[in-house]
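Visitor: I would like a guided look at this structure. Where shall we begin?

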Protein chains: 2
Amino acid sequence: MKIAIMGYGTIGSGVAAVVERNAASIAKRVGEPIEVKYVLDLREFPGDPIQEKVVHDIDVIVNDPEVAIVVETMGGVEPACTFVKKALAAGKSVTTSNKALVAKKGIELLDLAKENHVSFLFEASVGGGIPIIRPLNQCLTADEILEITGILNGTTNYMLTKMDREGVTFDEVLKEAQDKGYAEKDPTADIEGFDACRKIAILSSLAYGSQVDFEDIYTEGITKITDTDFKYARKMGTSIKLFGTSKRAGEEFYAMVAPVMINADHPLYAVNDVFNGIMVEGNMVDKLMFYGRGAGSLPTASAVVADVVEMAKNPHTTLVTSWSTKKLPLADKGTWVRKFFVRAAENTEEKKAQVEAAFGPVSYIELEGLNEFAFVTPEMAEAEYEKKAAFVDGILQMIRMDV
Amino acid sequence: MKIAIMGYGTIGSGVAAVVERNAASIAKRVGEPIEVKYVLDLREFPGDPIQEKVVHDIDVIVNDPEVAIVVETMGGVEPACTFVKKALAAGKSVTTSNKALVAKKGIELLDLAKENHVSFLFEASVGGGIPIIRPLNQCLTADEILEITGILNGTTNYMLTKMDREGVTFDEVLKEAQDKGYAEKDPTADIEGFDACRKIAILSSLAYGSQVDFEDIYTEGITKITDTDFKYARKMGTSIKLFGTSKRAGEEFYAMVAPVMINADHPLYAVNDVFNGIMVEGNMVDKLMFYGRGAGSLPTASAVVADVVEMAKNPHTTLVTSWSTKKLPLADKGTWVRKFFVRAAENTEEKKAQVEAAFGPVSYIELEGLNEFAFVTPEMAEAEYEKKAAFVDGILQMIRMDV
């Protein structure tokens, strides 16, 4: 069984490593050895054992009937999409770790795979090495999914964990994450929540069986979270995490990416550092949680190669993914009901009177040495919160709560 | 698509409820509706909507060609095994939630299913509603599994959590668990670890691809764990959990069920109350953790019905489970290397001199008002620990550590 890897970066080289290091056990599972025949990349890799396999022309792969499975680990929508389409059209099954591609073109590529009696899988596109796509597709089939909430981005989780534990500022921790290689030079995709947005779009599309467009998801990153917020969180016994969330409320569906304040009893509270965690709530199974390394060369490659093994065991078959072309309309975030953590400037009786005139009686949290205070609102729709908050001067921060 | 349920107890009735309540979404996934045609039970259920479906003779089910799938939720090895064999031999796929049956007869039933071109699945036999069998079979296929450690029994986890949080004694918490219906009148299978033993035997057989006999697994329950142990644990920032564990160490394989002391950074530390959690470590993916409800009518039934859905979508096929007849020999627990938490009577200099003569320098933990003390040994093989411990008089407790 010959495969080709498109893109020899962090994940692509991990795929080559996994296939080599676990060759014996993989061959046992598939029934024959798996061998990397080509690596497509613009670069050369002198000294690397795969150098002799490097090709620069996708058509070499597409036109070789020996190649049954193609691994796409290039990242980005183009040229990955064009290359994947060529491979599928040529009757090759494809697995990808590329969340941008899956979020944007997933349904189209699944259809093309079906037409060509091959498979298009993407376990590694969300949660790195954590099995989540296949469990949603095959294990939670007796349930109606009520909610999916994930810590889906390891970089921001590392940063928030560090801020929580060490009291450092956002700028300090971003610099450190960049120095350590956890955050990129341009960290926008991570810290603005764009990465998590694509991932929750993919999970939601699978969970609810209808297309959730990532462009429709309200997305807020962690750039406004400060060390002061974490001082309050510590005093309250809470933490702040970047959540990608979607949920069903009656006939409505909501989705959002935003920092959320949670209590210690939340299943995702203990998901720290670069780890990812995904909570799925079904109407029968209740709450499940999946935890592991959401990034990194070998863990992500492990998920890619598991897709390869499944496709190798099921040739000339389309492994079914429940993702329909029907678009899922998302409800306005203004109607999403929850509590809000709010900080207001100037710790005076007048200001508190203003707060209570707007929100009714609330409990206050105060930090020594700061001329400000915080409070938690009752449960209310976000639009109602915004309306009421307009009557309070000097609001410094609002963080949504999941408590 | 008609199914039959054998055994209308907690889980069997849950299966009927799931099939009815999620009928629409299940029909969409399968491509046709799923209907319960028969319920096999010794009892009648007057007033229950399934009463008209109750039969008392397995042959009614076996001889009805309309029944394609049989659900076994009776529990116990016999007569469940005989009935499952009859169903498989008649060309019906079977799913079971019965860990005793799977641990004892799994490999035989898988072979029989294969001979008859049908499937034998058992997702619900371990971890209740938590997807773990299918992830091991289909998602972790690129990895060599290095360790599986699970909190696999909700009853004992509830008891240990209660002892940890409230400082109550073992006898008090057992009585409460029985009053609440979490523990049975005869709680032996739970508190002596027999239930966890069967579950870790099943998981280990799948993870390492060879038969692990539950009779070979050293099994120790929680009956010797006291409120005093938890006082030390609290002081040390640790907790005590009942672990079913198996691991690969070089060419050796170990398996054990025993109470284990863990730190707050262990992935299973936050698995409390009746919840289950299963940690799987692969050589590529590193540590994963799966968390959810390990028991209960609807969560367990959710896993059973997910098996039904998969079998309904793949008729006349044997869904493959990697479980070989080759027996996996387990290494002697005496060679398992770890740290040990030890309590000794009489807090005197002489006694500590005895401890240090045997174990070398150790750090002590002392509780006010108790004429005893505790210490943590360096890492050593269990046989070595036992040899050294024989030189210390009045050892009150030994708890293995995973730190």
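Guide: Begin with a definition: contact means heavy atoms within 4.5 Å. Keep in mind that this is a predicted model.

Visitor: How many residues does the contact take from chain A and from chain B?
Guide: The cut-off is heavy atoms within 4.5 Å. By that rule, the count is 41 residues from chain A and 41 residues from chain B.

Visitor: What area do chain A and chain B bury between them, and which three residues of chain A supply more of its share than any other three?
Guide: The size of an interface is often given as the accessible area lost when the parts come together. Here chains A and B bury about 3,600 Å² between them, 55% of it on carbon and sulfur atoms. Of the area that chain A buries against chain B, 18% comes from one trio, more than from any other three residues: A:Arg29, A:Thr141 and A:Met284.

Visitor: Why can one say that the copies meet through the same surface?
Guide: Compare the interface residues of the copies. The copies meet through the same surface because the share of chain A interface residues that are also interface residues in chain B is 100%.

Visitor: Where is A:Lys99, and is it buried or partly exposed?
Guide: The unreviewed UniProt entry lists A:Lys99 under "binding site". A:Lys99 belongs to helix α5 (residues 99-115) of chain A. Its contacts beyond four places in sequence are A:Ser125, A:Asp195, A:Arg198, A:Lys199 and A:Ile202. With a relative accessible area of 27%, A:Lys99 is partly exposed.

Visitor: What is the strand order of the open sheet of 6 strands in chain A, and which are its edge strands?
Guide: The sheet has parallel pairing, in the order β3-β2-β1-β4-β5-β6. Two strands of chain A pair on one side only, and these edge strands are β3 (54-55) and β6 (120-121).

Visitor: What angle does helix α1 of chain A make with β1(A)?
Guide: Helix α1 (residues 10-21) of chain A packs on the sheet. It touches β1 (2-6), β2 (35-40) and β4 of chain A. The angle between the directions of α1 and β1(A) is about 155°.

Visitor: Which helices of chain A do the buried residues of α2(A) pack against?
Guide: In helix α2 (residues 23-30) of chain A, the buried residues are A:Ser25, A:Ile26, A:Ala27 and A:Val30. Just after α2(A), A:Gly31 has a positive phi of about 100°. The buried residues of α2(A) pack against α1 and α12 (297-313) of chain A.

Visitor: How many residues of strand β18 of chain B are buried?
Guide: On one side of β18(B), B:Glu372, B:Ala374 and B:Val376 are buried; on the other, B:Phe373 and B:Phe375 are. Strand β16 (residues 340-345) of chain B pairs with β18(B) in the antiparallel sense over 5 bridges. Strand β18 (residues 372-376) is largely enclosed by the rest of the structure, because its buried residues number 5 of the 5.

Technical notes:
Residues numbered from 1 in each chain as written. Chains lettered and ligands numbered in written order. Predicted model: local features only at pLDDT ≥ 70, side-chain atom pairs only at ≥ 80, totals over all residues. Heavy atoms only, no water. UniProt positions renumbered as here; feature names shortened; annotations may be inferred. Helix = DSSP H or I, 4+ residues; strand = E, 2+ residues; numbered from the N terminus. Buried < 20%, exposed > 50% of the residue type's maximum accessible area, 1.4 Å probe, protein only. Pairing = 2+ DSSP bridges. Axes fitted to C-alpha atoms, helices over the stretch in contact; angles between N-to-C directions. Buried area = accessible area lost by both parts, 1.4 Å probe.
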